[in-house]
Amino acid sequence: MRDSARLALGTLTALPVPAPRVLDRRVAGNAMLLAPVAALPLAAAAVLVVLGGELLRLPALVSATLAVAAVALASRGLHLDGLADTADGLAASYDRERALRIMRSGDSGPAAMVTLLLVLLVQCGALAGAVSAGHGAVAAVLAVVTGRGVLVLGCARGVPSAREEGLGATVAGSVALPLAVLVAVSLAGLAVFAPGLPWWQGPLAVLAAFVVAGALLARAASRFGGVTGDVLGACVESATAAALVVVSV
C-alpha cells in the first residue's frame, strides 16, 4: 500500500513524494482506489482559498476562480491537459490511430481551447454559486474528492486501454468492478453528511459526477478503443464540474 499511496499522490498531486519501488497492476489498482484520499490535499488547498476569500470579502466569483486555479496548480494541470487532448481527439477524424496521434502531439486545437474554457467556466461559476450560498468550502471538498473518485470507473476491469503503453495502459482494468462500485457507494454515503447541504444533495452530486464520467468514458472508449491517461483526466474534470453544478443550487 505504501507504493500505491506514493503512486496516487505522485500522479494526482504536485507533492514531492518518492517514486514507488514496485509498479505493477496491483499497485496501480490500489492507487486508483486511494485516489479520493490522495485528493484531500487538493481539496484542502481549495478550502483555504475559499475561506481566505470570505475573510477578505472577495467577490464569490473571484474566490471560486482562485480556488479552481489552486487545484489546477496543485495537480500540475494534469487533468486539464487530459481534457484538452481528449477534446481534440474526439473532434478529430473517426480514424482511431489518427485521433490517438493527435492526442499525443501536445498541441491544443480549437476544440481543446473551447472545451477547456467552457468546463472551467462551469466549475468557477458553479463554485461561485456555492460560495454565495454559504457552503463553498463543502462544495470544493465534495467536488474535488468525487472528481478523483471517478477514476475507479475508468480503471474498472472490462475497460480496455487504447494503447499498449502509457499511464492508461498501466491502470486500465486494474480495479475490480465490485471495488469500483464500493468506492462510488462510499462517496455517496459520506456525502449524506456534508454540512450545510440537504441530505440528498451530496449523494446526488456524486451520482451526477459518475454519470457524466461514465458517459464520457463510453464515448471515448468507442472512439479510441479504450482509455488513455488523457481520457481519465477528462473524466476527472468533467465529473468535478458536474458535482459543482449540483451543489451550487
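## Charged side chains and a helix pair

In this predicted model, R6 and D3 sit together in helix α1 (residues 2–12), three residues apart, or about one turn of the helix. The two are joined by a salt bridge, with 3.9 Å between the closest N and O atoms. D3 is buried, its relative accessible area being 13%. The count for the structure comes to one salt bridge.

| D3 | R6 | 3.9 Å |

D230 belongs to helix α14 (residues 229–247). Leaving aside residues up to four places away in sequence, D230 touches D81, G82, L83, D85, T86 and M103.

Now to the helix pair. Helix α12 (residues 177–191) packs with helix α13 (residues 201–224) at an angle of about 150°, and their axes are 7 Å apart. Angles over 145 degrees count as roughly antiparallel, and α12 and α13 are therefore roughly antiparallel to each other. The crossing of α12 past α13 is right-handed. On the α12 side, the contact is made by A184, L187, A188 and A191; on the α13 side, G202, P203, V206 and F210 take part.

Terms used: Residues numbered from 1 in each chain as written. Predicted model: local features only at pLDDT ≥ 70, side-chain atom pairs only at ≥ 80, totals over all residues. Heavy atoms only, no water. Helix = DSSP H or I, 4+ residues; strand = E, 2+ residues; numbered from the N terminus. Contact = heavy atoms within 4.5 Å. Axes fitted to C-alpha atoms, helices over the stretch in contact; angles between N-to-C directions. Parallel < 35°, antiparallel > 145°, perpendicular 65-115°, else oblique. Left-handed = near helix turned anticlockwise from the far one by under 90°. Salt bridge = Lys/Arg side-chain N within 4 Å of Asp/Glu carboxyl O. Buried < 20%, exposed > 50% of the residue type's maximum accessible area, 1.4 Å probe, protein only.
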